Amino acid sequence: TELSNDLHCLVMDEAFSDVYFKFEDNLIAAHCNLLVCRSKYFKELIYKAFASKIKNKRINNQNDNDDNN
């Protein structure tokens with residue numbers, strides 16, 4: 001399906017990767033959200049590593065006023 005093809009393109013595009021694994025002399029791009037969904041091991045590992053960074057993180061759009069933060 002079109003959705004399936006679009007998701008495949010996103011997964012295979014390193015520009016959208018947010019984590020890399022070094023294996024011998026190679027870097028392998030991956031996606032934390034997919035690792036978390038598919039693996040209990042990576043879920044625990046990633047949540048522990050990023051818990052303090054994502055706990056209170058807010059993404060502001062360009063229309064947000066600084067007084068509202």
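User: Which residues does isoleucine 46 touch, not counting residues up to four places away in sequence?

Analyst: This is a predicted model. Contact here means heavy atoms within 4.5 Å. Once residues up to four places away in sequence are left out, the residues that isoleucine 46 touches are Cys32, Leu35 and Val36.

User: Is lysine 43 buried, partly exposed or exposed?

Analyst: Lysine 43 is part of helix α3, which covers residues 40–54. Its relative accessible area is 38%. Buried requires under 20% and exposed requires over 50%, so a value in between has its own class. Lysine 43 is therefore partly exposed.

User: How far apart are the C-alpha atoms of lysine 43 and cysteine 32?

Analyst: Along the chain, lysine 43 and cysteine 32 are 11 residues apart.

User: Which residue in β2 is the bridge partner of phenylalanine 23?

Analyst: Strands β1 and β2 run antiparallel and are joined by five bridges. They form a hairpin with two residues between them. The partner of phenylalanine 23 in β2 is asparagine 26.

User: What is the phi of glutamate 24?

Analyst: Glutamate 24 sits in the loop between β1 (19–23) and β2 (26–30). Glutamate 24 is exposed, because its relative accessible area is 63%. Its phi is positive, in a residue other than glycine, and is near 55°.

Methods: Residues are numbered from 1 along each chain as its sequence is written. This is a predicted model: local features need pLDDT of at least 70, side-chain atom pairs count only at pLDDT 80 or more; totals for chains, interfaces and linings use all residues. Side-chain values use heavy atoms; hydrogens and water are left out. Helices (H or I, at least four residues) and strands (E, at least two) are DSSP runs, numbered from the N terminus. Buried means under 20% relative accessible area, exposed over 50%, partly exposed in between (1.4 Å probe, protein chains only). Two strands pair if DSSP finds at least two bridges between them.
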